[in-house]
Each structure stands twice: as structure tokens, then as C-alpha cells.
Amino acid sequence: MSVKEILDSMDYGVAPESAGEAKKWLLKHNSSFGHFIGGALTSPKHGFKSVNPSNGEAIASLSQATNKDVNKAVKAAKNAFKSWSAVNPHERAKVLYSIARLLQKNSRLFSVLETIDNGKPIRESRDIDIPLAQRHFYYHAGIAQIYKSKIQNMEPIGVCGQIIPWNFPLLMLAWKIAPALAAGNTVVLKPAEYTSLTALLFAEICSEAGVPDGVINIITGDGCVGEMLVNHPDIAKIAFTGSTEVGRVIREKTAGSGKSLTLELGGKSPFIVFDDADLDSAVEGLVDAIWFNQGQVCCAGSRLLIHESIEDKFHKKIRNRMNKLRVGDPLDKSVDMGAIVDKSQLTRIKNLVSETEGQVYYAECEIPKKGLYYKPTLITGLSPSDKLMQEEIFGPVLVSTTFRTPKEACDLANDTTYGLAASIWSENINLALGLAPKIKAGVVWVNGTNMFDAAIGFGGVKESGFGREGGWDGLKSYLKHSINFSANKAKIKQSHSNQATVNLDRTAKLYIGGKQARPDGGYSQKVFDATNNYAGHVPSSNRKDIRNAVEAMNKASNWSTSSGHLRAQIIYFMAENLHARREEFSKRIDQMSGNKSGKKEVEFSIRRLFSYAAWADKFDGSISGVPVRGVGLTMREAVGNIIVFCPSSEPLLSLISCIAPAIAMGNRVTAISPFVGSLTATDFYQVLETSDIPPGVINILTGNHLDLAPHASSHMDVNAVWSFSEEEVTKTIEFEAAKNIKRTWCLKNIDWFDTRAEGEMFLDAATETKSVWIPYGEG
Amino acid sequence: MATKNSKKLTLLPKAIIPRNTGVDLDLDWVSSIQANTSAIERRATTIASRRSIKKQYQAAWLIQAVRCMDLTTLSGDDTIGRVKRLCAKAKKPISKTLTDKLGLNNVKVGAVCVYHDMIETAVSKLTGSGIPVAAVSTGFPAGLSPLPLRIAEIEYSVSAGASEIDIVISRRHVLTQNWGDLYDEVRSFRKACGSAHIKTILATGELGTLRNVARASAVCMMAGADFIKTSTGKEPVNATLPVSLVMMRAIREYHEKTGFKIGYKPAGGISKAKDALTYLSLVKEELGDQWLSPDLFRFGASSLLGDIERQLEHYTTGVYSASYRHAMG
């Protein structure tokens, strides 16, 4: 087209980024790749094709890993772990720093390769994916250097199996590998089968960066390879980013294996626009929320909630903006949206949209005839019950509904099984900052969207998964607590005689919702003391008692928003009341254990209550150094309803060690005491009754852990289950928890007298972090 | 919304765009305007990386930037000789060698912009060229002389032959949220302009916040502005992308509500060809193709042309150019 003609049309023309260097790199490898194991690339075998979704061309042949490959990679990682975990932190920092530098030096090659492999616009891979990946390595080079001065009593976990998705191939690799290595772990990573090329290029720079052989291993292939990693006995931790469906399976498969697990899963994140927002900026926010990376973003603001009074006006603005979006060759520098990653994904989007009853609006833009493209789409007229308001589409499709009040906005935002992210748009600081804590999500952006940084945690709640990536919390996902465990397993006394004591019968009951309650089933079990004398009857709880306890916890939800000061006062008061009855408790402990440790245990229990009363208003959140003018706030919030399976050893101290941190952080808790030792627990509710604890905040059940574990951990309204009980119980809990991706925390044989059985380890478990991004400034 | 304005439309001299008659001051509209600084900055910083204009497209866009340029001299030491030279450059901003290679003829700038005393010289020098003369007015740059004098200044300039008047608003009315006074002031200026085209200079660098910029833009348009312009070039901060984004969005909203298309003129601080491309792509994205013409968009610039000439020479020869190879203005 001549200059004269262009002056009439004022078109942008084309501005293609050259794929030359990336093609050269592929040719250097004959466009076929093996795995990266023990510091070397294996020869290609069992090939499958990697396709450029923008034009359908096969660009490389990748190898499908076999069991043998997986074993080899895990073995290499296991061998490397010994020296890598022991090496001077500065050495690890140097390696991570070199990786960051090399990513930077090869940034354009990585960007182009990512774009031809994944289909995302070059602007995004060049300006977002690759720079953020570098940032993660820089940040974690620093973490490696200094973390031991900040985090004590924690150590690397071992070999980490990492399974990453296709939407941000190199970035997800960085999010996984950087913290794992900084902490001193070694990894076996499996990229998604559609998008493995940047991982293989990354493997190439690892050797240059001085990564010791075996510290990073990369194996390619489909979901079967992921499954091999999940089931591998020598892998100590699985970190997975992907669909909730697959996350659930991984949770089930790893149940009882002792593997540490973090899951970053799907979402249907709300994008909430109030009538006082800067609407044009909010529309631009939507572009970054749902038309970023073709909408294939787990935290995409895909569910638009609009203040009813501005619905039409805002929809009009969105449609006008959509019509300006340019969809096409992702290598074109002026393109806003590239290709959908794979045909199966495109078909899924098409099918979901074709079924909707809402009004579908497609952007009035051209899309190429060839290649996997989908127009930016807005669906209006939906209500919360519509499928598309609930189900993740994972494509450039925005669905919309309205609200009337801030409370209704919050209720709608939380009316989902997911809880990954949320965007709030309002110029009213009271409204925006008031809403942020109420939304159940791991990340909240105020007047912004899709902001990410290495210095602050990213991750979800509810069925969006658990664990954080980025910041100090992200690092902790790659460390485990080093703590003494009791040398002797608690003796579980099961022998009994029928010799009754002559004391006046005392009826132990359950304690639910601030009241003593008889067990629903009407059964009780005799318990016997250390000398096998009858000590009393304790109730056998059943699933209905659990249900009742959960209802009581729900009714006590105000506890979570009460002040730390109030919670501290109440815990101090518990200590006071326990102190008043210390002799009675001490005697009971001695009676049941046959030892003379009762006095000490009561003393420690009072101390522990004091500790958590102290912590109640001191386990603070933080502000991270994120690269925006504003604050990246990490808030610590209560997890919600927690059920604890208490151990039988040190029945008073262990009960208090579990209950106190939970309630100090604002959770509602139900402790399930095993029959052995449960008389102490039932005695303890009398202390609770006199300590001003609001009804439902602490509930005490007694019963058989194995019978109760499935009901407790499958209950959809329970947010976390802790177990310090037997291994079989752990396995059941972890398996059943997969139903709603509940948090679980299972340890056994803790030495409750150990000072490390108190404090941060418990407080971390009792809280969920929420990252709140608040850009500010007026000028 | 009070848009009960007269539907009797007058036409701008060379355009088929109906001239803004203004509308009643609508304070509900003004107070509902929001501008979130951080979000606006984010959008403004990514516009340059979202659109890339290369090769012949770039050449064409740069020519369009020249056509949309108000070639300006606003110095205390301006002389007749200096203004004549500028007018000569305005008629032939790009050397013939270059325009021939680009297959174009008759490339000229949008207007020449001078102080009142230089109008006569400029008008006589530009007669027959079709290039309008713009005059800064109303006690430019501070706008603090007596109102009757400011109005008289407009009338003087119009009768001297200026067909575009760049007025400055009273910043104090914005800073004290005195929208009624701002509206009346601009309305009286507009009246004084008669058929001359009125550009209202907001002096955005002195308005404190983007929210003020957005609200002042709306009030000026309600009062009948044909163009809204960022700066006098004399404030510490002149045209910026965030300010431009805010003003363009205000223009878009005014158009949606009243049907009138208002022009936009960023002035001061735009000196690189690459910046000009970024501004033009922001215009295309936020306002649409129709605004990519001198009728609705102007750059107020003095040194931008030189860089554009160098870039165009590079495009036609493949060799990087030097400023001495292009005629001075």
C-alpha cells in the first residue's frame, strides 16, 4: 500500500516480529527434543508434535517420557538434593542470579519461542511473561541469600515434582523452580505437552548458569507423565498448577503418602464495578482481565458484576472497547489477542458459549481464517444460576450480571466454588477497602487487575487451591518444619476391666454451640484409667454431631471479625480459669496416664494459652515491595471452620495447643478427642463455659477418629482439617478433602512439650493470606 | 442531562463537522466524572507497546502528524523575520525531494500559532496557502488580566485575521471547583471568537489532578469549545500521555452525550517522531479514525517537525539523517 493510500485509511499495517532466531534454535536441535535429566538432554524418543496454534504448523517433535525416564529424572534429583540442600546459601543465590541474567540476555528468543509455541501475542510474552520470569529469579536469588536469617526451624523438603500448565509456560516454570531452588530443593518439572519449548530452552541455559547436574530436570509428555510424578515414592512434594479437576485427582492420589502438596487451580474471578468508579479505566481493566492471553488465565476477571444503575452505560463502553481489539497473528506487535492454545480448548469455548441463554456479543473485529482464533465475547443478561456464571470458560468470554448494594456485590462475588482473585473498582476508599477483606479470594486488586510480582503471594482459597507462590509465603511452600517428634508413640490403652469406681457418676457430654449436648446416636463408650479402672463414659459422636458442630461454627462467624484484643482477653481468661482448677486437671491427667506429669502438663497448658493470647493481636500481615506506586498488602485472615483430630497423648496440652492458635487467629474450631484421654477434653468444656467464649467458637466432640474422619473432611462447609492422629486417619482426611480442595494439615507424634510445637507453625496453619494490591496516587 | 441546546448548527470553515454550540452547564455530569490516576497511567504507559507502526505505515503516519501540526512560535523575542521564516516552513514543512519519494504533494502543517502582534505578518505570508493562523489570547499564558481586556484581545485578534484563537482558562476556577464561573468565562470567550475556532487551553500542569483535568475539559466543551488543549507550553509540565488520555475520554463522552465532535490539541513537550506516533495511536484507539485529521487533532509543537523530517529521510534512504540536512523553520 502506498503512503498516499495509507493516509486515507490510517491503518496500522503489520509489524511482525521475526521468528528467525527461534527457528534457528529449533533447527540447531533438528526440531526434535529429548528430556533434560541430570544436566544433559536425552536423545528424542516416542515423539509427539508441538504445534503453532496460530497457523497449525508443527514446529517441533517432543518426547513422551516413560516410567524409566521419570525414574531416571527423580533419581538424578534425589542424588543432587544432598549437596544442593547443604550448599552455602550464597552459592545458591549465585546460580539463581545467573539464571535471571541469562533469561534477560536471551529475552527476545524466549519471547518469540513462547509466542510461536503458545499463540499469545508477542507484546505479552515480551513485556509481561518473560520479564516476570526474570523478576522471579532475581527475587529468589535474594531469597536464597538471606532467608535463613528470617526463617528458622524450617528446612528444604526434598525432590519436588512440578507440573505446570500451558497458559504461561516459562512464567509458571519460573514461579515453580525459583522458590524451590532458593529453598534448597531439587526439581523434576513437567511442562504442559502443548507448550514445552521454552522449558527446553531454559534447560539449555541452566548449564550455562552453573546449575549443578540433577538440580533441575525437565521431562516432557502428557498427563500420564504427570501422574507418574504424582505417584513416585521418592518425590517429597508436588506443586501443581492447572485445572481443579486434575488438582482433585492429585489430592486423592497423594493422600496418606506424606507428600507435601500445593495446588493452584481454576477460578471464576469477580470483577466488581461500582457506580462511582472511573468507568473508562474499569473497561481498560477488563481488557487486561479477560482479553489478556486470550482469557486463558486462571485468575481472569471473567465474571463481571456491575452496579445495576450503570449497567447499560457500562456494557456500551465495553462493546465499544471490544471493537477496537485486534485479533490476529500473535507475532504482530500491534495485536491484542492471539490464538487459542489448542483445538480442544477452542472447541470447549465454542460449546460452552453455544449453550448459553444469555445475549452473546462478539467483537466486531476481523479474525484470521486459518489458525485457532476466537473473538472477544461478552455475554449479558445472565443470572448467578446460569452455568456460564459458575463454570470456568478459560477463553476470551466475559459474563455479566448486576448487583444493587455493596453487600449484594460481596455475596455474588463469593457465590462460587472458586476463590482465586477479585477486582474491585470504586473511587470510594471506604467501599473498596471495606470489601477487600470480605471477598473470599487469595488475591484482590483494587482499581486494577492481573498484577503479579515475585515479592507477594499468589494463590487461592476454596476450590482454587492452596499454597502461595511468591513472597515469603511462597518460599514456605517449599520448606518443611524441623521439629522433634516424640521418640515413643503414645501408648494407646485399649485393655479394660469392668470394675467400676464407686464415685458418683459424672456424665461427660459433647460441647456444641456453647451447650452440653448428648450425642445424636445415643451411644457412649467406657474409658478406663491407667490402672484399667473404669473412669467414665464418653459420648460416641457420629456424622450428625459433626454437622451440628459445623452449624454452630457457622453461627459464630462474627468471631472471625472480632478484634485480636478481644480474642486475647478471652484466651487469657481461659488460662485464668484453668489455673483455678489446675489441681483437678493435674489429677485427671495422672489418673489416666499413670504418670506424675499432670502438674507439668497443666503448667505448660496455661503457658501455651498465654502464648496464643499474646499472638492474637501480633501475628501481623505485611507490606511487600511490589513495583507499583501503592501497596501490596498481605493480610492474614482466619481460615474459617477448622476441625481438629486431637492426639491421645498429653490430652490437655495437645488440645490447647490446637484450639488456642485456631481461635486466636479468629477461626471457629471443633476438636475431636479420641476416646483415650477424652475425659480431659470433656472436663475442659467446663473451663470454656466460664471463660466468655461465644457459643460455637470452640466445640468439643469425642469419638472414633477413623469413623469420623470421612464426615469431617468431606463436609463442604469445613475449611480445614488438622490431624495429629494415626496415619490411617491422615489418609482418609487427605483423600476426602479433595472433594472441595480443603486445607489439611496432618502431623503425628509431635512432642507437645517442645517449644516449637507452639507459635508460627500453628499460626501459619490457622491463617490464610490474602494479597491486596492497592495502587494509589492522585495527580 | 441538559442537552436542550439549539440544534441550529453552524459549520467550521473547511470541515463538514457540525460546530459545537455548547450545552447548558450540567453540574451532575461534572461531578460524576472520575479519573483514577494509577489506572490511567497504566493505560498510558502501555499504549506505545500495544501498537507498532512500521515502514510505509510509519511514513504515512508521520506525514499525518505534520498535517496536524500547529507550528508555533511564542517567544518574547519573536520578530517579523522570525515569523516569516516559520510561515515559509509551514508551507513546505518537508523537502520536495522527500515528498516526491513518498509520492505526495502539497504537504503543509495544520496552522501557524503566534502571539497577537505577529498575526498580521503570518496572515499576509500565508495568504492563499490554506493554512490558518492561530493566535494565543486572553492574557496568555497566565490569563490573569482583566476580563474585558481578555475579551477585547480576542476581538482584536479575530479582526487581525486569526481564524483560530487559543484561549487560556482561569485555573483558579478549576482549583476552587467554581464550574459556573469557568463556564461563563469560556462562554464569553466563545462569543467573542465569533466564527473563529476556539481552543481552550486548560494548563493541565497547573490543575493539580487528573480529575480536575477531566472536569474542566467537560465544562469547557459545554461552554462551546471547538478544541480542548493541554498547555501553554509555559507550565512546568506540559502535554503528557495520562493527561491526553483523560481529555480524549472527556471528548468521547461529550460526543456520546451531545453528538458534537471536539478536537484535541496536546501542546508542549512532544519533540520526537516516536512520541507523535504514540499520540496518534492513542487518538485512534480512544477516539477513532475521524479524529486523525487536522480538523479534530493538532500537535502544538516547535521542535517535533525536525525529528519527523529526519525519520522520513531515513525511511526513504535507509540511512540515518542529520538535522542540518533539513531547512530551518
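**View 1. Contact between chain B and chain A in the predicted model.** Chain B contributes 31 residues to this contact and chain A contributes 34 residues. On the side of chain B that touches chain A, at least two residues each come from helix 2 (37-50), helix 3 (55-67) and helix 12 (273-286) of chain B. By class, this side of chain B holds 12 nonpolar, 10 polar and 9 charged residues.

**View 2. Domain 1 of chain A against domain 2 of chain A.** The domain assignment of chain A lists domain 1 (20-265 + 474-480), domain 2 (270-454) and domain 3 (510-527 + 535-771). The centres of domain 1 and domain 2 of chain A, taken over C-alpha atoms, are 30 Å apart. Their contact involves 21 residues of domain 1 of chain A and 24 residues of domain 2 of chain A. Helix 5 (107-118) and helix 6 (122-150) of chain A each give at least two residues to the domain 1 side, and helix 6 of chain A gives the largest share, 8 residues. The domain 1 side comprises 7 nonpolar, 9 polar and 5 charged residues.

**View 3. Packing of helix 6 of chain A with helix 7 (residues 169-183) of chain A.** The two helix axes lie 9 Å apart at an angle of about 5 degrees. Because angles under 35 degrees count as roughly parallel, helix 6 and helix 7 of chain A are roughly parallel to each other. Residues in the contact include A:Ile130, A:Phe137 and A:Tyr147 of helix 6 of chain A, and A:Leu171, A:Trp175 and A:Pro179 of helix 7 of chain A. The contact between these helices has 14 nonpolar, 2 polar and 1 charged residues.

Methods: Residues numbered from 1 in each chain as written. Chains lettered and ligands numbered in written order. Predicted model: local features only at pLDDT ≥ 70, side-chain atom pairs only at ≥ 80, totals over all residues. Contact = placed C-beta atoms within 7 Å. Helix = DSSP H or I, 4+ residues; strand = E, 2+ residues; numbered from the N terminus. Nonpolar A, V, L, I, M, F, W, Y, C, P; charged D, E, K, R; others polar. Domains from an automatic or database assignment. Axes fitted to C-alpha atoms, helices over the stretch in contact; angles between N-to-C directions. Parallel < 35°, antiparallel > 145°, perpendicular 65-115°, else oblique.
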